[in-house]
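Visitor: I am new to this structure. Please show me how to read its features.

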There are 2 protein chains.
Amino acid sequence: MKRSNMPQHHETMNLSQTIGWFREHQKVLVLTHVRPDGDAWGSAVAVRRLMERLGGSATIRLTGWLDPMMRELFPDEPVTFDDPNPPEAEAVVVVDTSAESQLDRDAAFCRSMEDRLLVIDHHAKGDQWTHACVDATLPSTTALLAKLMLEAGLSLDQDLAEPLLLGLATDTGWFRHANADAGAFALAGSLIAAGARRDRLYQATEGAQHPARLSLMATALGRLEWLAEGQVAITGLAHEDFVAAGAGAEVLAGVVNEPLSVRGCGVSLLCTEVTPGLVKVSLRSIPDEHGRPILDVAEFAAQFGGGGHRMAAGCRVPGDLSTAMATIRDALLATIS
Amino acid sequence: MKRSNMPQHHETMNLSQTIGWFREHQKVLVLTHVRPDGDAWGSAVAVRRLMERLGGSATIRLTGWLDPMMRELFPDEPVTFDDPNPPEAEAVVVVDTSAESQLDRDAAFCRSMEDRLLVIDHHAKGDQWTHACVDATLPSTTALLAKLMLEAGLSLDQDLAEPLLLGLATDTGWFRHANADAGAFALAGSLIAAGARRDRLYQATEGAQHPARLSLMATALGRLEWLAEGQVAITGLAHEDFVAAGAGAEVLAGVVNEPLSVRGCGVSLLCTEVTPGLVKVSLRSIPDEHGRPILDVAEFAAQFGGGGHRMAAGCRVPGDLSTAMATIRDALLATIS
């Protein structure tokens with residue numbers, strides 16, 4: 001979420017140079033950001049399979065947690081977790097991030113390997129690396145990997161297409177977000193035609209929510225307040241709500257978008273007091289008919305030391321839920337008026 | 001929803017014969033089913049524009065209500081509503097249905113015009129007509145119209161592509177349903193590339209919900225009951241809930257799908273008592289890993305005189321909400337065990 005404070009990074013290698021790099025390295029270690037999402041996991045799996053097709057081999061090492069449903073999609077994929085002795089590797093590929101902060105404790109290791117390290121990413125912001133294949137116009141890192149596979153002359157089959165579709169589908173919010181452009185749909189079409197089973201990907205992501213999600217969502221939506229004549233929606237969940245539900249805010253991914261489905265609503269805020277006395281605020285905004293967000297939520301979040309993108313940001317406000325929400329409400333009304 | 005009781009209808013005209021039919025007729029009347037959805041309205045607009053490109057002209061006549069947001073997408077499209085004196089037309093095109101029952105009071109008029117009437121539809125069930133261009137393998141009627149436009153040698157531009165994307169996107173639940181196959185994604189990609197503005201279509205459909213939707217949804221989700229070890233979810237809204245919200249069950253479209261997002265849940269029922277003493281039950285089912293629904297909801301609904309598809313059906317049960325829900329719950333448990 002702090003990507004807005006990062007510099008722009010830029011591509012140093014084109015598709016053909018990147019495939020050349022893959023062909024030169026026989027044994028690579030694949031890393032990605034902490035708490036890998038569908039695009040990170042899909043990209044890691046796709047790179048490992050790509051390396052194998054090119055005659056090399058690769059090992060994926062993840063830091064921290066991987067959603068068990070994501071793991072089950074590719075259960076035989078060799079992966080190590082938090083391995084204190086990283087496997088011997090002659091080179092490293094980092095996918096779906098170029099930000100040292102997102103590499104956590106691997107950051108120093110990566111910098112030490114920089115001359116033998118390749119970053120493949122679709123984010124506009126991040127740290128600069130010597131070998132970087134980056135295309136920020138693409139909706140997912142797997143969309144970039146699809147281009148690389150075609151550049152390598154591979155024909156896509158189910159094994160290659162399925163992890164690519166996972167990243168594409170999850171990073172576009174299952175084709176609901178504005179980054180689901182003509183290229184995203186066309187790529188999805190060819191990945192499904194190549195054998196990617198959309199149903200199992202859909203079930204493992206959109207259909208695999210925690211049972212507590214719906215009761216917490218019911219509570220949050222039941223408390224929704226509308227500000228600025230319905231243009232802004234704000235709601236919150238207190239610490240005791242999470243205790244009662246037996247789940248944390250991680251089960252609520254996407255719930256902040258619900259109010260944006262209402263006609264006229266352009267900004268939505270979800271406040272969650274997972275830790276007593278500290279409220280996390282998620283902010284979302286959608287463009288008006290001129291393509292501009294009603295509120296630049298990254299700028300708003302910056303008032304509270306947070307950050308993000310113009311249309312998706314976050315910050316933390318001390319206090320219990322009602323105190324923090326009052327603070328946020330006042331700041332919102334001052335900003336909008 | 002009664003389509004399961006209808007016969008299979010079949011195509012009598014291929015793409016090239018259908019284009020020939022269009023070229024032979026200079027002035028046509030376009031009809032569709034009552035309460036047109038995105039595919040019906042998109043198809044009607046697309047046919048009118050297609051007729052114009054082929055040198056003819058067409059008028060759209062709708063029966064009953066059209067969602068104002070749908071209307072606003074194509075505000076200049078000439079349309080009449082419930083016109084007691086249907087405009088003079090030498091021929092009729094019926095889109096997105098072939099069922100007489102869905103044509104309501106136009107059914108007799110259509111049969112009287114049958115030798116000069118063309119049905120264009122993607123539903124597998126319906127009544128048989130002399131001139132029918134039908135493809136039940138396609139996700140929307142607009143997908144069939146896209147094929148017809150290509151057959152006619154037209155190159156797609158924004159005016160043609162936008163109504164086609166509206167039908168495709170809404171009939172696939174914005175590419176979330178299982179009918180969003182490779183062809184659906186590929187077509188969406190080419191329609192967007194041709195100029196269809198997905199953002200305005202998304203905003204006018206998914207982003208144009210009634211404000212009461214979220215409070216009714218909160219109430220319904222807050223009352224969710226899980227049966228059969230979490231495989232079945234059931235909830236309901238009483239007449240007084242609708243009175244308090246100042247809205248009817250039409251604002252809840254899609255809410256019945258929410259429980260299906262929870263891991264392990266394969267069947268969802270939403271009971272709505274819009275009229276006191278009569279409960280409408282919406283049933284949804286999703287396939288298990290073998291592609292089979294846990295419960296054939298059409299068969300279940302038939303017990304109560306309802307019907308539909310294996311994965312989406314409806315029925316009506318007399319009684320107040322709690323009486324009707326008890327009836328449904330008992331029948332469910334008897335069917336599943």
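Guide: Start with two terms. Helices (H or I, at least four residues) and strands (E, at least two) are DSSP runs, numbered from the N terminus. Two strands pair if DSSP finds at least two bridges between them. This is a predicted model, where local features need pLDDT of at least 70, side-chain atom pairs count only at pLDDT 80 or more, and totals for chains, interfaces and linings use all residues. Residues are numbered from 1 along each chain as its sequence is written, and chains are lettered from A in the order in which they are written.

Visitor: Which residue is the bridge partner of B:Val30 in β4(B)?

Guide: Strands of a sheet pair through backbone hydrogen bonds, either parallel or antiparallel. Here, B:Val30 has B:Val93 as its bridge partner. Strands β1 (residues 27-32) and β4 (residues 91-95) of chain B pair in the parallel sense, over five bridges.

Visitor: In what order do the six strands of the open sheet in chain B stand?

Guide: The order is β3-β2-β1-β4-β5-β6, with parallel pairing. β3 (79-81) and β6 (131-134) of chain B are at the edges; each has a single partner strand, so one side of each lacks a neighbour in the sheet. From one strand to the next, the twist averages 25 degrees.

Visitor: Which strands does helix α1 of chain B touch?

Guide: Contact means heavy atoms within 4.5 Å. Helix α1 (residues 15-24) of chain B packs on the sheet and touches β1, β4, β5 (117-121) and β6 of chain B. Helix α6 (residues 141-151) of chain B also packs on the sheet, touching β5 and β6 of chain B.

Notes. Side-chain values use heavy atoms; hydrogens and water are left out. Axes are lines fitted to C-alpha atoms, for helices over the stretch in contact, and angles run from 0 to 180 degrees between N-to-C directions.
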